[in-house]
Amino acid sequence: MKDLPKALQPREKFDRVGPENLSESDLLALILRTGVAGLNVVELAEMLLLQYGSLSALSRASAAELQKIRGVGKEKAKILKASLEMGRRLVQENVGENPRIASPEEAAAVLRERARGLDREVFWVLLLDIKNRLMVPPCEVSRGTLNSSLVHPREIFKPAVQHSAAHVILAHNHPSGDPSPSAQDIKVTRKLVEAGHMMEITVLDHMIIGRKTREGVDDFMSLRESGLVLFHQD
C-alpha cells in the first residue's frame, strides 16, 4: 500500500472512521493486503468488484477461479474465500436454528445465504410446527430446473410426514437473480398446494429467492403475497 497516500490507505481509514464506514473496495483491500506491480491493492479490489459486479457474485467464484486472476494467486484466493464464508456463516448464525417464520421476509432470511452461491435451481421445504417455528434446517428436495417430474408431491411431503410438520413453506432459487415466477413455477405450486390440502398439511407459501439488484427492490418473491396462486387458509 506504499504507493497510496497515507490518508487513503485502507488500514489508516479503518483506524480513522471504523470498519462500518469503509467502502467494499477498502474492506476487500484489507483482506487482500497487497497489490501487484502496476496495480495497488485498492485498485486490485476495485478491479475484482468491477469484474464480478458485486460481493454476492464474487462469493460464488471458486478458489480455483480466483487464483488465476492477476494479483490474487493461490494464497489470497484461499483467504478471500475463507473471509466470504465466515460472513455467510455469521448471517446464518444470526437467523438462529429454530426461528419463528411469520412473514415472507423471515422465510427469505432463512434461505438467502443457502441460495447465494448456487448456479442452479434448488428446491427446499421449510417444515414448521403449529407455532410456525422451523423444526429442522431447510430440506433440499431437488436440484435442477423446476418442473413436475423433479418436484413430486411424495418427495415434498415425505419429510413433513416424518417430522409431523403442521405447515410447510415451499422455496426455490432463481440463479439468474430475478425472483419473478415462471408459468411452470405457478403450475407446480398449485399442484403442491392441493396435494398438501388433501394430506392436511398446510402449504403456507412458495418463496422464490433471487438476488438484490438495487436498493428498495426485494430479492425474493412470495407467491402468496403476489396473488398468483390461491393458498388454502389455515
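**Salt bridges, surface patches and loops in a predicted model**

In this predicted model, E75 and K78 pair in a salt bridge, with their closest N and O atoms 3.8 Å apart. A salt bridge here is a side-chain nitrogen of Lys or Arg within 4 Å of a carboxyl oxygen of Asp or Glu. Both E75 and K78 belong to helix α6, where 3 residues, about one turn of the helix, separate them. Helices (H or I, at least four residues) and strands (E, at least two) are DSSP runs, numbered from the N terminus. K78 counts as partly exposed, because its relative accessibility is 44%; buried means under 20% relative accessible area, exposed over 50%, and partly exposed in between (1.4 Å probe, protein chains only).

Residues are numbered from 1 along each chain as its sequence is written, and side-chain values use heavy atoms, with hydrogens and water left out. As the model is predicted, local features need pLDDT of at least 70 and side-chain atom pairs count only at pLDDT 80 or more, while totals for chains, interfaces and linings use all residues.

The structure holds 6 salt bridges in total, among them the pair formed by R112 and D219, whose closest N and O atoms are 2.5 Å apart. R112 lies in helix α7 and D219 in the loop between β4 and β5 (220-222), so this pair ties together parts that are 107 residues apart in sequence. Another of the salt bridges joins the side chains of R120 and D119, at 3.8 Å from N to O. Here R120 is partly exposed, with a relative accessible area of 46%, whereas D119 is exposed, with 64%.

Of its 234 residues, 43% count as buried. Among contacts (heavy atoms within 4.5 Å) with a separation of 6 or more, 58% are accounted for by residues 24 or more positions apart. The accessible surface comes to about 12,900 Å², and carbon and sulfur atoms hold 52% of that area. These areas come from the Shrake-Rupley method with a 1.4 Å probe; for residues, only the protein chains shown count as cover.

Patches are made of residues with over 30% relative accessible area and no salt bridge, where like charges are joined within 9 Å and nonpolar side chains (Val, Leu, Ile, Met, Phe, Trp, Tyr) within 5 Å. E105, E106, D218 and E225 make up a patch of negative charge. E105 sits in helix α7 and is partly exposed, with a relative accessible area of 43%. The nonpolar patch consists of V161, M198 and M199, which together have about 340 Å² of accessible area. M199 is placed in the loop between α9 (183-198) and β4 (202-209), and its relative accessibility of 39% makes M199 partly exposed.

That loop between α9 and β4 also contains E200. E200 has a positive phi of about 60 degrees although it is not a glycine, and E200 is exposed, with a relative accessible area of 72%. N132, also not a glycine, has a positive phi of about 65 degrees. Most residues other than glycine have a negative phi. N132 is found in the loop between β1 (122-128) and β2 (139-143) and counts as buried, at 15% relative accessibility.

N132 is also one of the contacts of P99, which touches V110, N132, R133 and L134 once neighbours within four places in sequence are left aside. P99 itself lies in the loop between α6 (73-95) and α7 (104-116) and is buried, with a relative accessible area of 15%. Although P99 and V110 are 11 residues apart along the chain, their C-alpha atoms are separated by 8.4 Å. Elsewhere, D26 in helix α2 (residues 24-32) counts as buried, at 4% relative accessibility. Not counting residues up to four places away in sequence, D26 touches P10, K13 and V42.

Conventions: Lys and Arg count as positive and Asp and Glu as negative; His and the chain ends are not counted. The place of a charge is taken as NZ of Lys, CZ of Arg, CG of Asp or CD of Glu.
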